[in-house]
Protein chains: 2
Amino acid sequence: MSDQQDAGRDQTPDATADEMRDQPTGPDQPARRGLSRRGFFTGAGAGVVAGALAAGGGTAFAMSHGEDDATEGVDFNNSYPFYTGTHQAGIQTEPQRYCVYMTFDLVSATATDLQVLLARWSAAIAQLMQGKPIGAVAPTQPNAVAPDTGEAYNLGPSSLTVTLGLGPGVFDHRFGLADKKPKLLEPLPALPSDQLQKGYTGGDLSLQACADDPQVAYHAIRNLARMGRGTVGTRWTVMGFGRASAGKGQSTPRNLLGFKDGTRNIKEQSDFTDHVWVGDGDVAWMRGGSYQVARKIQMNIEIWDADRVSDQQQVIGRTKNVGAPLSGNAEFDTPNFTAKDAAGDIKIPVTSHIALAAHENNNGVKILRRSYNYTDGISQFGQLDAGLLFIAYMDTPQSFIQLQEKLGSSDLLNEYIGHIGSGIFAIPPAPAQGHYLGEALFG
Amino acid sequence: MSDQQDAGRDQTPDATADEMRDQPTGPDQPARRGLSRRGFFTGAGAGVVAGALAAGGGTAFAMSHGEDDATEGVDFNNSYPFYTGTHQAGIQTEPQRYCVYMTFDLVSATATDLQVLLARWSAAIAQLMQGKPIGAVAPTQPNAVAPDTGEAYNLGPSSLTVTLGLGPGVFDHRFGLADKKPKLLEPLPALPSDQLQKGYTGGDLSLQACADDPQVAYHAIRNLARMGRGTVGTRWTVMGFGRASAGKGQSTPRNLLGFKDGTRNIKEQSDFTDHVWVGDGDVAWMRGGSYQVARKIQMNIEIWDADRVSDQQQVIGRTKNVGAPLSGNAEFDTPNFTAKDAAGDIKIPVTSHIALAAHENNNGVKILRRSYNYTDGISQFGQLDAGLLFIAYMDTPQSFIQLQEKLGSSDLLNEYIGHIGSGIFAIPPAPAQGHYLGEALFG
């Protein structure tokens with residue numbers, strides 16, 4: 001493989017050398033579902049391919065054909081159950097490809113209206129997650145208005161999950177629920193990187209609809225918003241795409257900075273138990289629930305794109321191609337935050353994103369990230385307007401606050417991003433059959 | 001099957017009766033890739049399924065298992081060639097699931113800058129359509145800026161096509177190309193339904209990137225925009241989703257009105273020859289090219305959702321479930337625009353959308369529609385902001401003008417939609433290997 005290519009000057013080179021550098025080359029490499037067969041059979045010269053295969057002992061070749069190849073397809077018939085009686089879907093669920101996130105303000109101040117809405121939403125969500133419309137698309141009564149708007153008809157469940165959150169406002173003076181308030185459910189404090197815009201903050205309720213088809217996710221939010229009219233009004237929304245978060249066994253997708261995002265995300269069951277699900281330490285009805293923090297993070301991608309890759313790697317703490325920590329060689333190598341290079345400089349800068357966010361450097365704090373890329377088109381200045389819909393789950397919002405106070409103060413990434421949207425919500429556990437989300441509040 | 005269900009009152013009924021009504025029941029039904037297996041094995045009671053199958057002779061059961069089931073998956077390894085020397089991809093190509101459409105203003109008034117941009121874009125588009133980055137994601141030179149932004153790395157070609165259009169401005173006084181101007185390339189005249197907003201109109205160049213992964217489509221547009229800096233600035237953009245257009249052999253997808261959209265779209269090769277591809281009647285270099293009309297059509301979906309389905313069907317001229325013309329029973333029945341019901345009323349209202357748009361009622365005019373759903377989130381009034389990215393191809397823009405003058409004046413749909421964005425572009429033919437898009441302009 002040649003290192004002579006000056007890719008910075010040549011906009012249309014053969015990417016062969018670069019592509020080959022990023023292929024797994026041995027049995028120690030983790031499964032990579034994102035790996036495409038095409039890289040082996042086209043584009044790269046056959047001789048180069050043969051050489052790489054020889055170097056890697058042939059393992060890469062085998063890996064590019066099996067179940068690890070995410071490019072094979074998507075199962076739109078897959079569905080998840082709603083009435084589990086344990087955790088809501090859409091948290092530990094393997095991340096789907098699309099997300100529509102929306103928050104709502106309660107416009108009714110009657111507890112019964114809230115109760116009825118939660119009951120009706122629950123029944124509708126259960127139906128939607130099975131790929132069914134919430135009532136007839138075309139009722140047979142001549143003058144009936146259709147309960148379902150129809151655009152997802154016959155598209156399949158597409159792994160839809162809808163996750164409901166209850167904001168701090170649910171527990172204010174309006175509904176008589178103050179004594180049920182989760183212990184740590186308060187509006188987030190001002191954080192050092194905040195550039196919040198009023199149009200993207202807060203909400204009394206949140207709905208996160210994730211699916212492998214955006215039309216299915218949008219249909220769910222649209223119909224739930226419609227069902228809520230008179231009780232809730234819309235507040236802010238983001239539509240996300242791009243497999244920007246990775247579950248266990250998944251390849252790690254890339255955010256719009258072009259870097260893999262989620263390599264060290266929570267995957268083990270023990271971490272969900274210890275860091276995501278609320279246990280005995282909170283109000284009783286929250287057991288099995290979680291806290292959701294949503295942030296709309298705008299990325300100045302055109303400025304980022306003008307930065308040298310060597311600098312980008314210092315900002316993130318990982319290589320761009322492979323996603324390896326700067327102290328290692330492979331993506332899933334454990335970062336060594338004290339390793340130094342030959343010149344005595346620390347390999348992973350202490351102000352890099354992964355150093356600041358690592359649980360090793362934060363008294364063991366971990367959060368589950370479940371993020372998606374978004375674009376809002378073109379800004380008023382003619383620049384590409386895009387970023388990350390960051391959604392995180394944790395057993396206490398203090399985890400996010402602690403991490404973000406640190407990241408917001410020191411993160412080299414702050415030059416390129418701004419947190420423009422924010423919300424915090426308590427996630428109740430999932431109801432058992434015959435019950436509904438948040439029912440325990442009204443007992 | 002029961003007709004007693006008052007779905008308008010009950011928001012969470014069992015949708016069984018309605019679902020069954022929309023299944024194909026005999027061998028005369030067209031192939032329906034959108035049909036899901038789930039409808040047969042879950043949700044519906046087994047007895048109802050058995051009854052429906054008996055009535056349909058078992059054909060529906062067989063159809064739900066074969067290649068007609070679109071919910072089986074997506075081939076992210078599929079790619080299309082760029083250097084065909086005939087038509088650009090992204091027109092007759094089977095519609096992909098996502099589209100990012102963007103127009104640009106030329107900020108340089110130098111013909112050479114335009115020429116270099118078209119050559120560089122062509123080489124980059126060819127590379128992108130093969131699923132390759134446009135140069136290294138992480139160049140090996142220590143201080144190099146990456147030519148490719150990286151977020152689509154290893155996602156596969158995902159059926160990406162990028163289609164280039166040349167707006168009227170290319171042929172104005174600036175570049176000395178006035179004598180090459182396509183005969184009918186003029187800004188569209190004012191049309192009766194126009195509610196155009198400056199932020200969504202015009203452009204000297206257009207790029208339509210369609211793919212089965214939105215991250216792949218966005219990556220293409222982002223990198224081409226980046227490559228064009230100094231020569232072009234961004235003008236307007238729409239990101240579309242949802243299989244809102246149908247090719248030959250595809251099931252017909254639904255727009256955000258909940259109706260099937262594209263049932264009578266152009267599918268036959270003879271129609272492409274007669275109605276889409278420019279022949280000998282225009283400037284020579286346009287042979288094999290086409291004209292592109294893009295419209296951003298805002299839909300007042302919340303008002304639409306409050307309308308009775310019986311009225312919606314009169315507005316469209318088709319049934320909502322099946323998509324059959326009101327004169328027939330099955331989706332692909334040819335509409336009979338003179339058929340009357342028992343009371344003597346015409347079955348398909350003359351002011352319905354399909355009656356006004358039908359080639360039978362427009363001297364044989366046909367256009368290829370290649371549309372996608374979009375959402376812009378929530379409007380300043382708290383309403384869902386969504387609609388249709390309408391992109392059409394035709395051998396003369398007069399076809400669109402003629403149709404839209406009629407639709408804009410009489411279409412019952414105008415109460416629910418507004419054309420807020422607009423652009424017109426000449427689509428050059430595809431280059432042969434070693435050439436580039438629009439090369440004939442500089443001969």
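Good morning. I begin with a contact in chain B: B:Leu117, B:Arg120, B:Trp121, B:Ala124, B:Ile125 and B:Leu128 in α5(B) meet B:His219, B:Ala220, B:Leu224 and B:Met227 in α6(B), where contact means heavy atoms within 4.5 Å. By class, this contact has eight nonpolar, one polar and one charged residues; Ala, Val, Leu, Ile, Met, Phe, Trp, Tyr, Cys and Pro count as nonpolar, Asp, Glu, Lys and Arg as charged, and the others, Gly among them, as polar.

A word on conventions. This is a predicted model, in which local features need pLDDT of at least 70 and side-chain atom pairs count only at pLDDT 80 or more, while totals for chains, interfaces and linings use all residues. Residues are numbered from 1 along each chain as written, chains are lettered from A and ligands numbered from 1 in the order written, and side-chain values use heavy atoms, without hydrogens or water.

How do the two helices of chain B lie, and at what angle do their axes cross? The axes of α5 (residues 111-129) and α6 (residues 214-227) of chain B come within 10 Å and cross at roughly 155°. The axes are lines fitted to C-alpha atoms, for helices over the stretch in contact, with angles from 0 to 180 degrees between N-to-C directions. Helices (H or I, at least four residues) and strands (E, at least two) are DSSP runs, numbered from the N terminus. The crossing angle makes α5(B) roughly antiparallel to α6(B), a term for angles over 145 degrees. The crossing is right-handed, that is, the near helix is turned clockwise from the far one by less than a right angle.

In chain A, the axes of α5 (residues 111-129) and α6 (residues 214-227) also come within 10 Å and cross at roughly 155°. α5(A) is therefore roughly antiparallel to α6(A).

I turn to the annotation of chain A. UniProt, in an unreviewed entry, lists "domain: Dyp-type peroxidase N-terminal" at residues 88-241; such annotations may be inferred rather than shown by experiment. That stretch is 21% helix and 21% strand.

Finally, the structure holds 30 salt bridges over all chains, each a side-chain nitrogen of Lys or Arg within 4 Å of a carboxyl oxygen of Asp or Glu. One of them joins A:Asp105 to A:Arg235, with the closest N and O atoms 3.1 Å apart. This pair links strand β1 (residues 98-106) with strand β4 (residues 232-241), its residues being 130 apart in the chain.

Technical notes
Parallel < 35°, antiparallel > 145°, perpendicular 65-115°, else oblique.
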